[in-house]
Structures are given as C-alpha cells and as structure tokens.
Amino acid sequence: MTLNSDCPNCAIMKIAYLDCLSGLSGDMMLGALIDAGTPADLLQEKIKSLGLPDFELTLSEVKKNGFRATKVDFIHEEQTSHRHLGDILKLIAQGDLQEAEASLARDIFKSLAKAEAKVHGSTTDQVHFHEVGAVDSIADIVGTAI
C-alpha cells in the first residue's frame, strides 16, 4: 500500500506492510495511519467535504495486550437509509479530495459493489449498501484513501 506522498508527515515512508492475521476494521486502519503521522484534522476536514450528515471524528488512546493504539470513532446521527454505489460515488465526486484519493476511494467502493452484486446475483447499480453505506463506513474507507 503506498501512502499519500503529498502528506508532509508521510514523506519518509512510502510503503506500509499490513500483517492482519485476524482482519482490520476501518477505524483500526485510520488509527494506525494517524499513529504513522497522518494529521487527524486533515482527515476530518476532507471527510466533512463529502457532505455527509454532521459528524465528528474523535480520537482516544487504547491499550490492548500490552500495546497502545489510537482509536478512531465517528460520532454522528443515526441513519436509516441505505446508499447505492452511485450515491457514494457522487459524495466522493463532490468532496475536496485529490484525484488519487478520490480514485482510490471509488475503486474500493466499486470492488465492494462487485462482490455484493456477485453474492446477491445482482448488478453493481442495483446493490444497496447497508453498513458500508453508513456514515462511519464511508468515512473509514474515504479516510483510508486519503
């Protein structure tokens, strides 16, 4: 995975190797990227530019099995609606993202839509995202792309 070379705090590291034997959640990924030097305020600003309902990115320190990490949470109003791929692509298009960031976020969502369509015997246009279409999941994926 190549880190954003436009990030002044990330200029030293060009590649990050992830060894996730038991998986990796979006908030864990963002916490790791913040610990590696990605400015949290930059993430907050760019994710807010998507026009999602009001939310706040919160950070806390956690310790598990002798290791410390940054925990990322998104505080937002509860949502009941689901989004289609096209809805999410429009959010990404309206955001204040660099082309590389937007392209990576689009590619991730398109891959997820292909997998969902295959599982449900549908098309990518017909897929509606439940959890992946929620504010925190969109913020996790776009934040990771940033």
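Modeller: Start with a side-chain pair: glutamate 101 makes a polar contact with lysine 46, side chain to side chain, at 2.8 Å. Keep in mind that this is a predicted model.

Biologist: Where does glutamate 101 sit?

Modeller: Glutamate 101 is part of helix H4.

Biologist: Buried or exposed, that glutamate 101?

Modeller: Buried. Its relative accessibility is 2%, and the cut-off for buried is under 20%.

Biologist: Let's zoom out. How many helices and strands does the chain have?

Modeller: There are 5 helices and 4 strands. Reading from the N terminus, the order is α-α-β-β-β-α-α-β-α.

Biologist: What share of the residues counts as buried?

Modeller: 35% of the chain's 146 residues.

Biologist: And the accessible surface of the chain, what does it come to?

Modeller: About 8900 Å². Carbon and sulfur atoms account for 53% of that.

Biologist: On to helix H3. Which of its residues are buried?

Modeller: H3 covers residues 85-94, and its buried residues are Leu85, Ile88, Leu91 and Ile92. Seen down the H3 axis, they fall within an arc of 125 degrees, so they line one face of the helix.

Biologist: Which residues are exposed on the other side of H3?

Modeller: Lys90 and Ala93.

Biologist: How do H3 and H4 pack, in angle and axis distance?

Modeller: The angle is about 175 degrees, and the axes are 10 Å apart. Angles over 145 count as roughly antiparallel, so H3 and H4 are roughly antiparallel to each other.

Biologist: Which residues meet there, between H3 and H4?

Modeller: From H3, Leu85, Ile88, Leu89 and Ile92. On the H4 side they meet Ala102, Ala105, Arg106, Phe109, Lys110 and Ala113.

Biologist: Switching topic. What is the phi of asparagine 65?

Modeller: Positive, about 50 degrees, although asparagine 65 is not a glycine. Most residues other than glycine have a negative phi.

Biologist: Where is asparagine 65 found?

Modeller: In the loop between strand S1 (55-64) and strand S2 (67-76). Asparagine 65 is exposed, with a relative accessible area of 78%.

Biologist: And serine 60, which strand is that in?

Modeller: Serine 60 lies in S1. At 33% relative accessibility, serine 60 is partly exposed.

Biologist: What does serine 60 touch, leaving out residues up to four places away in sequence?

Modeller: Ala69, Thr70 and Lys71. Serine 60 and lysine 71 are 11 residues apart in sequence, with their C-alpha atoms 5.2 Å apart.

Biologist: Last one. Which helix holds glycine 143?

Modeller: Helix H5. Glycine 143 counts as buried, at 2% relative accessibility.

Biologist: Which residues does glycine 143 touch, again not counting those up to four places away in sequence?

Modeller: Leu30, Leu43, Ile47 and Ile138.

Biologist: How far apart are glycine 143 and methionine 29?

Modeller: In sequence, 114 residues. In space, 9.1 Å from C-alpha to C-alpha.

Definitions and conventions: Residues are numbered from 1 along each chain as its sequence is written. This is a predicted model: local features need pLDDT of at least 70, side-chain atom pairs count only at pLDDT 80 or more; totals for chains, interfaces and linings use all residues. Side-chain values use heavy atoms; hydrogens and water are left out. Helices (H or I, at least four residues) and strands (E, at least two) are DSSP runs, numbered from the N terminus. Buried means under 20% relative accessible area, exposed over 50%, partly exposed in between (1.4 Å probe, protein chains only). The arc is that of the directions from the helix axis to the C-beta atoms. A polar contact is a pair of N or O atoms within 3.5 Å; within protein, one must be able to donate a hydrogen and the other to accept it, and residues adjacent in sequence count only if both atoms are side-chain atoms. Accessible areas come from the Shrake-Rupley method with a 1.4 Å probe; for residues, only the protein chains shown count as cover. Axes are lines fitted to C-alpha atoms, for helices over the stretch in contact, and angles run from 0 to 180 degrees between N-to-C directions. Angles under 35 degrees count as roughly parallel, over 145 as roughly antiparallel, 65 to 115 as roughly perpendicular and the rest as oblique. Contact means heavy atoms within 4.5 Å.
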